[in-house]
Amino acid sequence: MLLDGSSPDMLAQQSKVLFELNKYCNERVATRQSGVVKTIREVCKVVQDVLKEVEVQEPRFISSLNEVNGRYEGLDVVSPTEFEVVLYLNQMGVFNFVDDGTIPGCAVLKLSDGRKRSMSLWVEFITASGYLSARKIRSRFQTLVAQAVDKCSYRDIVKMVADTTEVKLRIKERFVVQITPAFRCGGIWSRSAAHWPVPHVAWPNPNLVAEVKTEGFDLLSKESIYMKDKQSAAEGDAWSMSFKYAEDRLLYGGCRRKCLSILKALRDRHFDVPGQPIMAYHLKTLMLYECEKHPREVEWDDTCLGDRINGILLQLISCLQNRRCPNYFLPNVDLFKGKSTTAMDNAAKQCWRVLRELLTNPKSLEKL
């Protein structure tokens with residue numbers, strides 16, 4: 001036995017697994033990533049052109065899609081053919097953020113004082129009760145984008161996706177980009193996420209917690225499956241909460257990013273079943289729960305990569321079978337809500353198949 005309790009056999013097995021995983025990274029993962037980077041460049045050119053036209057018509061919608069150090073800020077890869085661009089709006093100052101849990105994962109922006117209505121940049125989107133309506137802003141933005149698509153220089157290859165209140169562009173018939181108006185809420189933390197960090201869990205450390213909470217979150221104008229159940233018009237005025245920056249910050253360090261990249265490549269090749277029950281976001285969420293289960297940095301050393309991947313796949317199968325995957329920061333939001341049981345069962349079968357291969361034969365990665 002070695003000092004850390006591992007046997008030479010165990011270490012030999014770990015290094016065999018790591019060798020295969022590194023090979024998988026250099027081949028499959030790298031190919032996936034370079035394809036995604038190429039697609040991002042292609043779609044961002046089009047989106048920037050459309051948003052430039054929008055800004056000419058309506059200066060309040062200023063494009064925040066900028067390239068910084070080779071990365072586009074505000075762009076999220078949903079899958080290799082689906083992307084979301086978050087368009088940050090200015091001036092939220094005269095509104096209070098109200099997060100009372102009425103709609104899971106959503107909050108409202110209410111005028112702090114009725115007299116301030118005329119001071120708001122978004123005056124015509126404020127309801128009689130003083131709420132800044134996410135739906136009204138999105139509806140106006142959708143009209144502007146539709147007009148911009150007709151005028152922009154890429155009009156031959158881009159069109160609006162119909163039958164949705166979301167603003168979605170289909171580019172070259174192959175890629176879909178959703179553009180979501182949003183407000184950045186820095187320096188405040190949501191009541192719905194007040195339980196975090198979980199007491200008695202040694203991860204993340206207090207400094208990282210403080211940094212994440214200062215980073216805050218975003219409020220997005222997008223449809224929530226939880227709003228579809230509600231009848232009153234006021235529900236459409238609510239904003240969805242997103243903790244993307246906080247989640248990304250927590251996944252720095254050790255083999256975390258590498259682990260997520262491998263899982264995404266496995267997802268695209270094996271778990272992309274009809275109904276799309278498993279998206280990259282589910283994997284990211286389960287990664288965060290795995291960090292809590294394995295709070296020590298030594299457990300995120302490259303030698304543990306195989307164990308972490310197997311652990312996350314086991315969690316994923318369990319979530320699919322229990323029909324529930326709680327959002328990491330907003331546990332009352334179920335990420336599987338609205339997914340069909342058939343799709344979840346098919347995905348669980350695929351996950352089992354891949355996990356069995358990984359557990360019984362590290363070389364199986366060559367075929368996966």
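Buried means under 20% relative accessible area and exposed means over 50%, with partly exposed in between (1.4 Å probe, protein chains only). We're working on a predicted model, where local features need pLDDT of at least 70, side-chain atom pairs count only at pLDDT 80 or more, and totals for chains, interfaces and linings use all residues. Residues are numbered from 1 along each chain as its sequence is written, and side-chain values use heavy atoms, with hydrogens and water left out.

**Exercise 1. Work out whether asparagine 69 and histidine 200 are buried or exposed, and describe their backbones.**

Step 1: Asparagine 69 sits in the loop between β1 (67-68) and β2 (71-72), while histidine 200 is in the loop between β9 and α3. Helices (H or I, at least four residues) and strands (E, at least two) are DSSP runs, numbered from the N terminus.

Step 2: apply the cut-off. Asparagine 69 has a relative accessible area of 77%, so it is exposed. Histidine 200 comes in at 87%, so it counts as exposed.

Step 3: check phi. For asparagine 69 it is near 50°, a positive value in a residue other than glycine; for histidine 200, also not a glycine, phi is positive too, near 65°. Most residues other than glycine have a negative phi, and most peptide bonds are trans.

**Exercise 2. Trace the largest nonpolar core, then look at leucine 21.**

Step 1: size it up. A nonpolar core is a set of buried Ala, Val, Leu, Ile, Met, Phe, Trp, Tyr and Cys residues joined through side-chain atoms within 4.5 Å. The largest one here has 110 residues, and Leu132 and Phe329 have the most contacts inside it. Helix α1 (residues 8-57) gives the most to this core, with 14 residues.

Step 2: list neighbours, where contact means heavy atoms within 4.5 Å. Not counting residues up to four places away in sequence, leucine 132 touches several residues, including Phe95, Leu109, Trp122, Phe183 and Trp239.

Step 3: turn to leucine 21, which lies in helix α1. Its relative accessible area is 4%, so leucine 21 is buried. With the residues up to four places away in sequence left out, leucine 21 touches Ile262, Leu305, Gly306, Ile309 and Leu365.

**Exercise 3. Classify the ring pair of phenylalanine 97 and phenylalanine 217.**

Step 1: set the rules. Rings of Phe, Tyr and Trp (its six-membered ring) pair if their centres lie within 6.5 Å; planes under 30 degrees apart count as stacked, over 60 as edge-to-face and the rest as tilted.

Step 2: count, then classify. The whole structure has 14 aromatic pairs. In the pair of phenylalanine 97 and phenylalanine 217, the centres are 5.1 Å apart and the planes at 50°, so the pair is tilted. Phenylalanine 97 is in strand β5 (residues 95-98) and phenylalanine 217 in strand β10 (residues 217-220), so the pair ties together parts 120 residues apart in sequence.

Step 3: widen the view. Phe97 and Phe217 belong to one aromatic cluster, with Trp189, Trp196, Phe243, Tyr289, Tyr328 and Phe329.
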